[in-house]
There are 4 protein chains.
Amino acid sequence: MTDREYDLVVSNGTVVTPEHGTFEADVAASGEKIAAVAEPGTLSGETEIDASGKHVLPGAIDPHTHHGIYRGLDADGESESRADLVGGVTTIGNYFRRPGSYEEIMGDYFEQAEENYYHDYFFSLGLLSFEHVEEIPTIVEDLGITSFKWYMNYKYVATEKFGVDCEMRDDFGDAFIQALADVDAPTTLGYHSENVEITSSLGDNPYLDVERDDDAEYRDYQTLVDQFPGYAETQSMVSGASLAKQHDYDDDFYAVHISSGKTADELAALRNAGYRLTGETCTHYLTLTTEECDERMNVNPPVRSKEDQETLWERVADGTISTIGTDHCANLAADKIGDDVPDSLPGFPSTPAMLPLILSEGVNEGRISLERAVEVTSTNTAKAFDLHPKKGTVRVGSDADLAVVDLDETKTITPELLQGAPDYSPYEGTAVTGWPTQTVVRGQLAFDDGDVVGEKGYGTHIDRPL
Amino acid sequence: MTDREYDLVVSNGTVVTPEHGTFEADVAASGEKIAAVAEPGTLSGETEIDASGKHVLPGAIDPHTHHGIYRGLDADGESESRADLVGGVTTIGNYFRRPGSYEEIMGDYFEQAEENYYHDYFFSLGLLSFEHVEEIPTIVEDLGITSFKWYMNYKYVATEKFGVDCEMRDDFGDAFIQALADVDAPTTLGYHSENVEITSSLGDNPYLDVERDDDAEYRDYQTLVDQFPGYAETQSMVSGASLAKQHDYDDDFYAVHISSGKTADELAALRNAGYRLTGETCTHYLTLTTEECDERMNVNPPVRSKEDQETLWERVADGTISTIGTDHCANLAADKIGDDVPDSLPGFPSTPAMLPLILSEGVNEGRISLERAVEVTSTNTAKAFDLHPKKGTVRVGSDADLAVVDLDETKTITPELLQGAPDYSPYEGTAVTGWPTQTVVRGQLAFDDGDVVGEKGYGTHIDRPL
Amino acid sequence: MTDREYDLVVSNGTVVTPEHGTFEADVAASGEKIAAVAEPGTLSGETEIDASGKHVLPGAIDPHTHHGIYRGLDADGESESRADLVGGVTTIGNYFRRPGSYEEIMGDYFEQAEENYYHDYFFSLGLLSFEHVEEIPTIVEDLGITSFKWYMNYKYVATEKFGVDCEMRDDFGDAFIQALADVDAPTTLGYHSENVEITSSLGDNPYLDVERDDDAEYRDYQTLVDQFPGYAETQSMVSGASLAKQHDYDDDFYAVHISSGKTADELAALRNAGYRLTGETCTHYLTLTTEECDERMNVNPPVRSKEDQETLWERVADGTISTIGTDHCANLAADKIGDDVPDSLPGFPSTPAMLPLILSEGVNEGRISLERAVEVTSTNTAKAFDLHPKKGTVRVGSDADLAVVDLDETKTITPELLQGAPDYSPYEGTAVTGWPTQTVVRGQLAFDDGDVVGEKGYGTHIDRPL
Amino acid sequence: MTDREYDLVVSNGTVVTPEHGTFEADVAASGEKIAAVAEPGTLSGETEIDASGKHVLPGAIDPHTHHGIYRGLDADGESESRADLVGGVTTIGNYFRRPGSYEEIMGDYFEQAEENYYHDYFFSLGLLSFEHVEEIPTIVEDLGITSFKWYMNYKYVATEKFGVDCEMRDDFGDAFIQALADVDAPTTLGYHSENVEITSSLGDNPYLDVERDDDAEYRDYQTLVDQFPGYAETQSMVSGASLAKQHDYDDDFYAVHISSGKTADELAALRNAGYRLTGETCTHYLTLTTEECDERMNVNPPVRSKEDQETLWERVADGTISTIGTDHCANLAADKIGDDVPDSLPGFPSTPAMLPLILSEGVNEGRISLERAVEVTSTNTAKAFDLHPKKGTVRVGSDADLAVVDLDETKTITPELLQGAPDYSPYEGTAVTGWPTQTVVRGQLAFDDGDVVGEKGYGTHIDRPL
Ligand SMILES: [Zn+2]
Ligand SMILES: [Zn+2]
Ligand SMILES: [Zn+2]
Ligand SMILES: [Zn+2]
Ligand SMILES: [Zn+2]
Ligand SMILES: [Zn+2]
Ligand SMILES: [Zn+2]
Ligand SMILES: [Zn+2]
């Protein structure tokens, strides 16, 4: 109908965004950007994707991955970003925490990422010392990184674990927050809510008597739940958010991986009391329960009860929880699985399954609307990490990151299906309805009907502030 | 850059919507609909509007006009809708209240409207009797009208004024609300907040002693304010909303023309207490004060103090007040102006000045953002009257109703400038910065650089539910 | 143990007040006042009441009676105040509403009361016209009456019913409230919450089609509930309280006889939204349900469902509802009972049963504490009507009004037991556990073990402000 | 007027309690208890105190003293309790924190207290280890001590300071709270709100750079304020209260010595969000400002700004802060005063000045009512520590602890006036209006017109639960 040929056109699909609801349109990319949104069937492109009967979403964003944590970033960057395309993910936020100057460290990472990523990425840096805090202005200005993480779970153990001269106590957090509040650019502080003084049993708390007897023959998943009780998460979130509020930084305070229903409820209560913090949960807290978990699902915080899961869904639906991530780690079963649950390595692969699981368990099960699914897996995430409107939306001038999904397609999860490095999946055997059929990264068709067709190294770092 | 020729293209402008903020794009219409939003400078059309350096807004919607009230609808429809184009207005909601069967009455109105309107319109019907209430299902089904009005100011006087066998007391309002709650389609109940038992001094309230002495030589604008005190508006809004809430209809309850700051504050309080009603204010309450008013500005409710005005702006800015209308009446000075203020006719012309005044006093004076201005003059209005997403947004598939505005242009208001029938303006002599340069109605260029170029009778009734 | 002989001593009882909880003490009166509270068993008096094993409460106050409404005040004052002693009531607030100057009218009432009342009383005047409103300052200053009533149920019918030149619309209520706000002394505005435009079916509201067909053979109690739906009460309370709030008078606004659970819930919501009004319910709404009601229980508002009853108890318990009254009317069965329920006279006798029923159904059934029972039947009532600390408490210097109650005594209600003029009771046949054994009025033993021993004419009017 | 002679009678005074407001009465004691409250001028006693023109208050309670901290408990108990009588204090709550078994330790303290105290006392135990936590049931059952303290300021330093094998981290606090929640009796957890990780500069927080340069010649009071910023108190209160709330123990959580206005504001916010904790402030935070402070006023937390002071008064007035204490320490100037402010010993004498300062600065300056002054210095304190109704009220059967005060008497504070061991006062030279003229301890006249006439060793430990 038109003679102009765009570079790529997704035609005849139903576009879904939280801003505009659902509507039929062609979406065209010229180069990396969305160049046009137009009446269905009117645009033509060098590459054409027929989205008839399908939905066109802004590419999903997983704000919480740990590429490079068990293997090198070059390996993970390549395999995992490739796998992500299968799941409609076009951007990830990867966490690093290492001693030493990030100014110096990050060079290698940027290089490895640049060569390997199929999709875009931004980094969030876990600060481990006052030296790190002092680096904040440089990190923002020179590295284009504006999101950070306060690992409450490394309190006390940072020296032993990382060799830093810092115990990561609250004076560190206090300086961290104040330094961020001093930065001119918008920033984000991810916060691992965990009162480690409780969960680590540093003392002798008889109320947290978790298999102290090392003679236990086999420790199951409940052992993890006992060691990391929900209230230690809830209280820590309140404590951290309160410190942020003291420095008027609560609106950039971002509680990662909320696992407990009570934490979500308290988040709602804090919001009503004037706190402006943001909360993230993860796919596994929404789709698994303690009973269903084994060695593969060792993660911190652990997967909790059915009741927690239901509360989390309600809090996703009602707006309390703003984003969904995965805490993805790319380990192999041989390394991962130990003698029992606590003996197994924490973390598991999840990013490629994120969007399908949310579509299947959230949208198709009627727990949230399709628009809300897009909001929590893409739009809100882009806003929370100051990637918006470059990411997270379908708008002329935004990056042409798109996931074409078939809400009716059912597939059973296997490691092979997800195409990542890991040879196991916590979701193995789960039948999931709602899958991407195509994934477009900055204008380039990167996943097409089961095949990754993107280009290794095509992904770029998103320098912030935009 | 492309060979396809759309019917109309607005090129190189900055599109503004509450959903997507501001971004540079071409907007193309094919027939009546938005056919494409594309990179700036890439689309071509039979008609091309160069919006370089300008902003492209969804056409403004004035939900509150009284065409046909002083002159015939054919006269008003023609002259006023033509004038509206000058002010970037592409849709109006016109109120009718008449005795008799609307099923029978509306035929003529539809006809007169169809022949005369330059832009689109929807009707809201003021019900005046139980017979009217009984007509609700038919009105919705057969006439495509889903918005109604409860004129609290006609309580007791409906019989005298309209010859109906109804005093429009709360039993009438109660039946009205319940009948609306029973309708399957989404509906809207506009509510004129006024405790007429107080403002009409039906009794002998010594606390409302308004110029009872008819010997007064000249009664100025303050006389109106004394007769219609703000609290009689505030209390009436609460009373009406409470009745709606009893029937779980508060989310479709729409308080028109809020004039008092305290009413706006109480609206905020009710919202916090769980009421879901919507509030509208009018241009004149935001831009005039009692001291500035004379015979021309006789209107009910009257224009109040500077303090009220400031509170109203704050409540527009903070989200409490959702929409802006005008209460536009097309009367002539000779008819309008009486011996003194109360002796003058109520109502005055305002629609064409609405958007420019909001841009000038709201956006350019820094009281609200440009996005918020669009939201309260178009997007929210479309949502409140169930016109969305056909109206109120810039989206493929929506009606191509657009206002291209130059935020820097200053003009001084005169009746001639506004091009309507009225030979006076309450804003005469006011320098206003921010004016439409082009107005597009359903794909047709209707106002261009000072000249109305639209087509009489092009406008159509918006049948609801969509 | 002491040689001083007080005039009267209640010895060895357990005193109960909301201020001091429960404690063992003798309570002595010297003349009319409490002269001493002392260790149990230490005081002696000319009259001695052994309260061993019993509880000593401040005398109950029924703030809502209609003595003189069906019979003369002389007759009612005598018989009903005598009966009240049986129920531990030592003060009543009686409502009058009559046309004409209260300054002139009240003389007779004061005289009749003075000669007949066994216990103390205060009057609340229902104002019916603007002339009445003008009398407010005189009423307060000359008559010592500071509580008033706005009968929303007489709107429109005041002229017909009372011959006044006033329709009691909101301009009247507006002047009423403003005049009260202007008074220097503390005042109280009782408000009968009823949207009479709804309940009277003045129009033709098809949603309130209550036995319009007068051919109905027999109309049961549900007919009343249909005619006076709860929402017409709820909405009216909100509407009235909102008008009071406009004049900053909401803290003296007192919603009488709340009958609907939703009204109580909305009262809680208004409180949270900053309204400071007070709410009263009545014994019958707490102890009867529609199903249990017949001709005898015709009253406006009517007794509602079990669910309403339960909500009311919860709202009494949680502090939302502050006081309990009865709406007592002293009519005889022959006059009261009509052909069917609506045909029967409204109002029934209740005051003497108030405290026993609250002790039985409230305290003994575990719905409220004994202290809370005292609070809502005496202390709060005294505060709401500005009788405190003269009334409503057990404190040296306060009036020696006491009810000695046996919480374990069970009696079955009969008209004879209650000793009033009425020859029937809505509670006839009900077994009630918790009865006064002695009642002391201003230092005088007035009821003793089944016998009224008080003195006719001993009661005095409580001039306010104190 | 009566022949009975009570042991002691306070006659003709104006009794003040929050429950009953103010009223004229004689108050008689028989033995240790209030035996009668009676009409003024009617009681006679072996000892008679003429309170004409004066007010009779329940004896003040200082819930926060540190007797025995700088000198022995025998010395402090004697001198300080004697001095307290000058200030109308009849009960104190003394904190101990020591390693070792309290079961064993407390014997000596009980003995020393028994021999020396002029007035009553209860103990609150600061727990320092998990062993202490395990002792809780025994402490409650055997020692009659139900109030405890979580010293957040000893986190990390408990081992060094007390030799305990516990760092008093949150696992300790967690076990502490859970153990208290498990106790059957009502308990109280005093909590020193201080994020010691911030105030101790354990790390290298550049945002808390407090005179790190030890070359500073002289460090003034502002140095303390810099080291202990208000936000470290606020955040710690939230953090601690949140942990208590996790175990549904927030209603027994008692934040001691609130010094910062923002902490008080956040306390109000938490209350609105459903937390039920109690807050205490101290006399010095209400009457001093940083500018007025020198070496004598070294205390933790430090005295803050005029703005903080004003907020604290508002929060005392509006009910947010429930109690007032002193943090009294009985040290001598020679020991106390160091080279500069931080070099001086923390803590100073204050109890005897508490009530006079609150009467002078609070009541006579119009900041709070006399009833509220009684509430926060006695009644609420008794309730918070489960001493009520034995203490904190003027009621038959309660302990006859009374302070007769002359609200018009002005005296200038000197150490001699206060009669304690300390030879200095932070309030020296301050003119204070409102002083006790007599103090009665459990029925015994203990202070009379400037002279302590009580009996050493008369005071007894208040075994709880009552
Ligand atoms: Zn984490
Ligand atoms: Zn993580
Ligand atoms: Zn109107
Ligand atoms: Zn209008
Ligand atoms: Zn009534
Ligand atoms: Zn009544
Ligand atoms: Zn402390
Ligand atoms: Zn202390």
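In the predicted model, chain D is superposed on chain A by a rotation of 180° with 0.0 Å of shift along its axis, at an RMSD of 0.0 Å; such superpositions are by least squares on the C-alpha atoms of residues with pLDDT of at least 70 in both copies. The residue of chain D that comes closest to the rotation axis is D:S239, whose C-alpha lies at 2.3 Å. The same surface serves both copies, as 100% of the contact residues of chain D recur in chain A, contact being defined as heavy atoms within 4.5 Å.

Chains B and C were compared likewise. A rotation of 180° with 0.1 Å of shift along its axis brings chain B onto chain C with an RMSD of 0.0 Å. The two copies are thus related as by a two-fold rotation axis. In chain B, the C-alpha nearest this axis belongs to B:S239, 2.3 Å away. Here too, 100% of the contact residues of chain B recur in chain C, the same surface serving both copies.

Residues are numbered from 1 along each chain as its sequence is written, while chains are lettered from A and ligands numbered from 1 in the order in which they are written. Local features require pLDDT of at least 70 and side-chain atom pairs pLDDT 80 or more, whereas totals for chains, interfaces and linings use all residues; side-chain values use heavy atoms, with hydrogens and water left out.

In chain A, the zinc ion (ligand 2) is coordinated by A:H64 (NE2), A:H66 (NE2) and A:D327 (OD) at 2.0 to 2.1 Å. Donors are N, O and S atoms within 2.8 Å of the metal (3.2 Å for Na, K and Ca), and the site may look incomplete because water is not among the atoms. Along the chain, the donors follow the spacing H-x1-H-x260-D. A:H66, in the loop between strand 6 (60-65) and helix 1 (73-86), and A:D327, in the loop between strand 13 (323-325) and helix 12 (333-336), are 261 residues apart. Helices (H or I, at least four residues) and strands (E, at least two) are DSSP runs numbered from the N terminus. The zinc ion (ligand 2) lies 3.5 Å from the zinc ion (ligand 1).

Helix 5 of chain C (residues 170-182) is mostly covered, with 11 of its 13 residues buried. Among the elements covering these buried residues are helix 6 (196-199) and helix 8 (230-246) of chain B, and helix 3 (130-143) of chain C.

Terms used. Buried means under 20% relative accessible area, exposed over 50%, partly exposed in between (1.4 Å probe, protein chains only).
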